[in-house]
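Hi,

Here is the structure I promised to pass on.

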Amino acid sequence: MHSITHSKAVMLLLALAAFSLTPIHGLDYTPATLTLEVFADGTVDVEYTFEPDPTLATVNVTLMGEDYMNLLAADQDGLLLDWAIHPGFVEVDSLGSDEIKVSYSTQSLTNKTGSTWSVAVDAPVNHVLAIPAGAVLVELAPPPIDIIVMDNRAIITMPAGPSRVSYILGSTGTREHALVLLSVAKDAVDEAKLGGVIVDDAEAALAQARGAYDAGLYTQSEQYSTEASRLAQETMVLAGEADDAIREARTLMQSKQGKISQGTIEVASGLIDAAEDAYMVGEYAESLTQAEQAQTMLLEAKETGGIDQTLIIAGAALVALVTAGVFMLRRRGQAREPERPEEPPVNVDLDTIFRDRPHLRTDDKAVLRFIQGKGGAFITEVRDHFNIPKSSAWRMARRLEEEGLLMVSTVGRETYFQLKKQGGQP
Amino acid sequence: MKPGFHRVPPGSYYPLKRMSSAVMKMNRKALSLIVMTLLATSATGLGLVYAQAAEPRSRAAETLLSVLENTNGRVSALFDSVTAGGGQVPQEAQEQLQVAVTLRAQAQAHFEAGEYEECIKKSTEALNAYGKAVAKLHRDDDDDEAEEQLGLFTAVERARAYLDRLRSAATDLESQGIDISEVESLLDQAEAALDGAEDALNQGDFDAAEDHLGEARSLMGQATRELRSLSNTKRREKAERFINQTMIRIQQLEEKMLRVLSRYGVSEEDTQSIIAEFRAMTAALEGMDLDRDDFEGVVGRLRHLVKESHEIGRGRDEVENETVERISDVSRLEAMLNRYRGRLRELEQLGYGTGNMTGVLAEAEGLLSEAMVKLEEGDREAAEGLIDQANEMLDDIDDMIDDAEDEDDDERSRSNDISRSDGRSGSS
């Protein structure tokens with residue numbers, strides 16, 4: 001036969017001291033235990049046990065908080081009981097139960113000010129509060145009855161009545177935070193690449209972030225990820241500025257045709273070409289400088305300029321051309337259009353493609369039709385036809401390549417575009 | 001690390017490592033044990049004195065000092081980060097931090113002097129001063145986007161906690177002979193969806209994680225509905241028992257009421273009217289048919305009848321309402337007493353020696369009988385004292401039974417562990 005051991009009896013006495021609770025007047029139940037488990041997002045899982053008046057069919061229970069998610073009410077045998085929420089209380093069909101346990105989640109017991117979270121309750125009994133793992137306590141009122149720390153998590157016993165516990169929850173340096181920042185950086189890099197922007201530095205930082213994450217160096221990974229995001233975003237902005245500057249310079253040059261000396265036009269044209277070359281290899285700062293120089297030159301050129309002035313401008317341009325370096329030289333070698341490949345044109349149903357991909361841009365669609373019409377086209381043909389700078393042509397090409405609609409190859413020293421054969425189409 | 005305690009991976013913010021439901025259950029059990037122990041040791045906080053009091057207070061004080069050390073490190077780092085970023089710490093924040101540091105030193109001194117209560121008080125004051133110092137910094141280093149995605153990790157963790165509760169409810173129903181295979185299947189699918197969400201999170205695919213989490217929630221919603229539906233059979237049985245108990249209680253209440261009222265000189269007409277009320281109530285209870293009537297309707301009528309039963313006898317000129325209330329109290333406590341008798345019988349069947357508890361129960365019963373006599377004699381004050389004493393005794397009995405039942409649960413789980421372990425040894 002079992003009997004209650006002496007040590008158990010001591011425990012019983014201790015428990016009795018805590019649990020011997022006289023019924024609260026006016027209530028249909030006697031509160032027994034209350035535990036609050038706080039999660040990192042401020043949600044609190046509440047477990048409240050009480051003993052209902054056995055003569056009642058239903059009891060009205062006052063719960064902590066104002067919103068109750070995933071509410072379950074069970075009797076001493078684990079049988080789920082029906083309940084109904086009323087303003088200020090929950091009515092539980094107790095049907096003479098010995099003991100009822102109500103569990104639910106609520107977000108109304110916590111609030112956040114700056115970086116500090118607070119949990120405030122007015123508990124009918126001594127209660128146990130577990131704050132999130134890694135949280136740093138910064139307030140306890142009133143003094144706790146007891147406190148232990150387990151797995152980096154403080155579990156505090158607070159007395160009945162109003163209490164307030166505040167903590168700071170730092171996520172920096174954790175695996176999850178590192179993972180989130182990696183994801184954010186990857187999105188930023190992908191977005192830039194989808195827009196045709198070359199973000200080699202950002203990609204390198206992202207690779208380092210991944211490496212650090214895999215090695216468990218989460219703080220380091222976070223730093224690399226942040227750097228990758230920053231680089232991707234800054235490069236996109238710079239690329240956009242360079243693209244705009246090239247476009248504006250070319251428009252300006254066209255508007256100045258015949259109004260300023262041909263020498264200035266040629267030098268400006270050379271600078272714009274150099275800007276485009278720099279853009280194509282991802283040297284966006286250099287590209288922006290060249291394009292802005294071209295703009296300045298065009299704007300400052302006098303419309304009635306004589307031969308002497310032209311010579312001065314040409315001299316200045318020569319200096320600028322030297323700074324353009326290899327890009328210019330390479331450009332010069334591409335003047336002659338190579339021969340078109342002899343491959344038969346690919347038969348693609350563009351209407352179907354456009355219907356299936358409503359997100360395609362109007363100008364991209366026009367380019368695709370143009371390429372289809374010609375059975376393939378050089379980049380210069382596309383640029384000339386649509387009057388777009390090389391950088392824009394490249395970005396368009398990258399977009400359509402990503403979509404799987406365009407094949408980009410090099411014929412001679414010129415970039416050549418062909419429509420890509422689609423699966424399912426003849 | 002103790003078995004069954006889940007360790008948060010180093011550098012991890014959330015305990016995301018996947019756990020089997022069995023381990024989860026052990027964790028819950030562990031947490032329950034902690035809760036029990038913490039609440040038990042809380043006795044000193046209630047001003048009770050016992051031999052073991054010093055030990056938990058010294059432990060609590062020591063833990064608080066360790067918590068303070070952690071807080072001090074974190075808050076100092078927060079201040080440093082402000083200055084490192086080229087910012088300036090407000091003067092009042094700096095002063096508050098100094099107050100916190102001083103209080104912490106005082107708490108440490110109290111601890112070393114063995115003054116644990118003072119140490120706890122000073123530590124709490126120090127913590128609050130750190131809190132104020134942080135508040136004065138007015139610093140918010142949140143990253144909204146990151147916070148939103150971090151919330152998904154917590155959402156999965158919480159969903160697992162809910163899944164655990166549903167599994168526990170299902171197991172309880174199964175132990176009462178109910179087929180829970182359909183619920184189990186839904187819960188298994190929900191667990192798989194949560195695993196999928198966790199995998200997606202670990203790969204940084206937050207959209208996929210959200211999808212998996214949504215699926216898990218939907219499955220758990222279905223499981224909850226199914227569990228409710230399965231519970232209904234048992235709830236009907238429970239309702240039937242409750243109706244029978246209520247009938248007995250009302251008959252006993254009638255008897256008590258008439259005994260007392262006859263001493264107060266209530267007229268024959270009034271007495272007959274009270275009897276008629278009781279009889280009508282009994283007839284209404286007898287007329288309830290759980291097979292025929294809507295269950296919710298029956299519960300609603302029961303609620304109404306029970307409420308009415310507490311009103312019978314009130315509002316008479318000859319008898320004060322308080323006297324009628326005390327009769328109701330006696331009736332309620334007798335109902336509790338009968339409930340504890342049933343639980344004691346179950347414990348006896350399990351082989352527990354319940355002699356002591358049965359004795360206390362008999363004593364409480366005696367007090368209630370005596371209270372009724374006092375009420376009949378018109379000595380309400382004496383009756384109230386006796387009722388309060390009986391109430392306290394029943395509270396004690398309840399706790400003793402709870403602990404005996406908990407001990408039995410522990411015994412069973414230990415036996416199960418041993419037999420499982422024997423089974424494994426045998427098979428290997």
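**What I found**

Let's start with a pair of residues in chain A: Asn60(A) stands opposite Glu91(A), which belongs to strand E6(A). Before you go further, keep in mind that this is a predicted model.

E3(A) and strand E6 of chain A, residues 89-92, run antiparallel and are joined by three bridges. The sheet they belong to is an open one of three strands, in the order E3-E6-E5, with antiparallel pairing. Strand E3 (59-61) and strand E5 (83-86) of chain A are at the edges with a single partner strand each, so each has one side without a neighbour in the sheet. From one strand to the next, the twist averages 25°. As a reminder, it is backbone hydrogen bonds that pair the strands of a sheet, in either a parallel or an antiparallel way.

Next, two helices of chain A. How do helix H5 (residues 262-280) and helix H12 (residues 390-402) of chain A cross? Their axes come within 8 Å, and the crossing angle is roughly 25°. Angles under 35 degrees count as roughly parallel, and H5(A) and H12(A) are therefore roughly parallel to each other. On the H5(A) side the contact is made by Glu276(A), Tyr279(A) and Met280(A), and on the H12(A) side by Lys390(A), Ser391(A) and Trp394(A). Sorted by class, that contact has three nonpolar, one polar and two charged residues.

Now the interior. In soluble globular proteins, nonpolar side chains tend to be buried together. Here the largest nonpolar core has 160 residues, and the members that touch the most others are Leu129(A), Tyr167(A), Ala228(A), Ala275(A) and Ala190(B). Leaving out residues up to four places away in sequence, Ala275(A) touches Ala242(A), Ile246(A), Ser287(A), Gln290(A), Ala291(A) and Ala294(A). Another core, of 35 residues, lies apart from the largest one; Met257(B), Ile312(B), Met336(B) and Leu344(B) are among its residues.

Finally, chain B. Of the 428 residues in chain B, 36% are buried. Among the chain B contacts with a separation of 6 or more, 71% are between residues 24 or more positions apart.

Cheers

Definitions and conventions
Residues numbered from 1 in each chain as written. Chains lettered and ligands numbered in written order. Predicted model: local features only at pLDDT ≥ 70, side-chain atom pairs only at ≥ 80, totals over all residues. Axes fitted to C-alpha atoms, helices over the stretch in contact; angles between N-to-C directions. Helix = DSSP H or I, 4+ residues; strand = E, 2+ residues; numbered from the N terminus. Parallel < 35°, antiparallel > 145°, perpendicular 65-115°, else oblique. Contact = placed C-beta atoms within 7 Å. Nonpolar A, V, L, I, M, F, W, Y, C, P; charged D, E, K, R; others polar. Core = buried A, V, L, I, M, F, W, Y, C linked by C-beta atoms within 7 Å. Buried ≥ 20, exposed ≤ 12 C-beta atoms within 10 Å, placed from the backbone. Pairing = 2+ DSSP bridges.
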